[in-house]
Amino acid sequence: MTHEVRGVVAGAKGAPVRMETILVPDPGPGEALVDIQACGVCHTDLHYREGGISADFPFLLGHEAAGVIADVGPGVTEVKPGDFVVLNWRAVCGRCRSCRRGRPWYCFNTHNARQPMTLADGTRLSPALGIGAFAERTLVAAGQCTKVDPAAGPEVSGLLGCGVMAGIGAAINTGAVSRSDSVAVIGCGGVGNGAIAGARLADAHTIIAVDLDQRKLDWAREIGATHVVNARETDPVEAIRERTRGHGADVVIEAVGRPETFKQAFYARDHAGTVVLVGVPTPEMTLEIPLLDVFSRGGAVKSSWYGDCLPSRDFPMLIDLYLQGRLPLDKFVTETIGLDGVEAAVDKMRAGEVLRSVVRL
Ligand SMILES: NC(=O)c1ccc[n+]([C@@H]2O[C@H](COP(=O)([O-])OP(=O)(O)OC[C@H]3O[C@@H](n4cnc5c(N)ncnc54)[C@H](O)[C@@H]3O)[C@@H](O)[C@H]2O)c1
Ligand SMILES: [Zn+2]
Ligand SMILES: [Zn+2]
């Protein structure tokens, strides 16, 4: 059977997104059909719409989602109909060279549903990050479904599916922030504020939030920043050094994805410190840094793919921390909207008016 549902599609580079009827097949072997309950609008959706990720239009957008398993295909044992799940874009294979080395969070062979979803005329859709969750139903690989405690509710749970997890993980997994560390986060959208929440969870003693937008900095304070820096008014590198006794922060997390903010992160860190790039650059961006500075400043320059998370390990743990009142995931939900509100939500994100707009189905 094919399921006819509504979905939000980016049809061409830079064009506004449209609501379309999409066709979702029944799950085949290893696949799961999911009734989406909530899906956040992430900056990566905007990257897709702008053609910054690939040219495989049309895209079925949305990838930060939670929902309930409607049906599973043959051979699926990890989830069953009725399970409440957060969707992930890291269904680990267990067999690639990274999985075999015991590092499944880098899995080099993650998988998605094999069968395509299409427009009503049969045009094949590219689901964003292999998910496509701005839709009433979507088809994913069963390994992309991570069962969590339903008590947290879908708006909050879905956040872990991408941006907030990427931020928390950039701090606790990639940056390995710990109690004695000072941390600075450049760019405080959903991802950067996730990093602030992660640094707080790890008991960092100083957490400096940097953004161009005062609203983002106000949210950062609520989520756990100990200091805020408006980069429109103050040089962020100087400001981070001032707040760390002139040294720079032990860990600086770049959550914008631009060369100039990466450079700030690189120079705002203490000697032998760590810089973590979690913001996603676009293909035309390049970086020039004296190689001697890379050498003489020492430490580590890392990128964080999806916060180096392992969904089966991290999602249930973070939901538990939320339910215990130790991780303020609810503070990330600025507004809930309908499927027809995605285009306006993208504009609001660009204008800095929201931390997360979450589509509620
Ligand atoms: N690595 C990953 O796995 C991963 C996962 C999800 C998203 N991302 C990426 O992370 C980035 C942030 O995503 P988001 O959803 O939080 O986006 P967002 O648009 O909500 O937030 C970006 C923030 O950066 C701020 N900013 C922009 N230019 C700045 C500058 N020069 N100095 C300081 N702040 C500046 C903006 O004001 C905004 O608050 C994007 O590039 C996104 O694609 C990465
Ligand atoms: Zn693997
Ligand atoms: Zn995302």
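## A parallel strand pair

Strand β11 (residues 182–186) and strand β14 (residues 249–254) pair in the parallel sense over 4 bridges; pairing requires that DSSP finds at least two bridges between two strands. Strands (E, at least two residues) and helices (H or I, at least four) are DSSP runs, numbered from the N terminus. Within this pair, V185 has I253 of β14 as its bridge partner.

The model is predicted, and local features need pLDDT of at least 70, side-chain atom pairs count only at pLDDT 80 or more, and totals for chains, interfaces and linings use all residues. Residues are numbered from 1 along each chain as its sequence is written, while chains are lettered from A and ligands numbered from 1 in the order in which they are written.

## The sheet

The open sheet contains 6 strands in the order β13-β12-β11-β14-β15-β16, with parallel pairing. Because β13 (227–230) and β16 (300–303) stand at the edges with a single partner strand each, one side of each is left without a neighbour in the sheet.

## Two packed helices

Helices α5 and α6 pack at an angle of about 25 degrees, their axes 9 Å apart; axes are lines fitted to C-alpha atoms, for helices over the stretch in contact, and angles run from 0 to 180 degrees between N-to-C directions. α5 is therefore roughly parallel to α6, a term for angles under 35 degrees.

In the contact, N193, I196 and A197 of α5 meet W219, A220 and I223 of α6. Residues are in contact if their C-beta atoms, placed from the backbone, lie within 7 Å.

Note on methods: Parallel < 35°, antiparallel > 145°, perpendicular 65-115°, else oblique. Contact = placed C-beta atoms within 7 Å.
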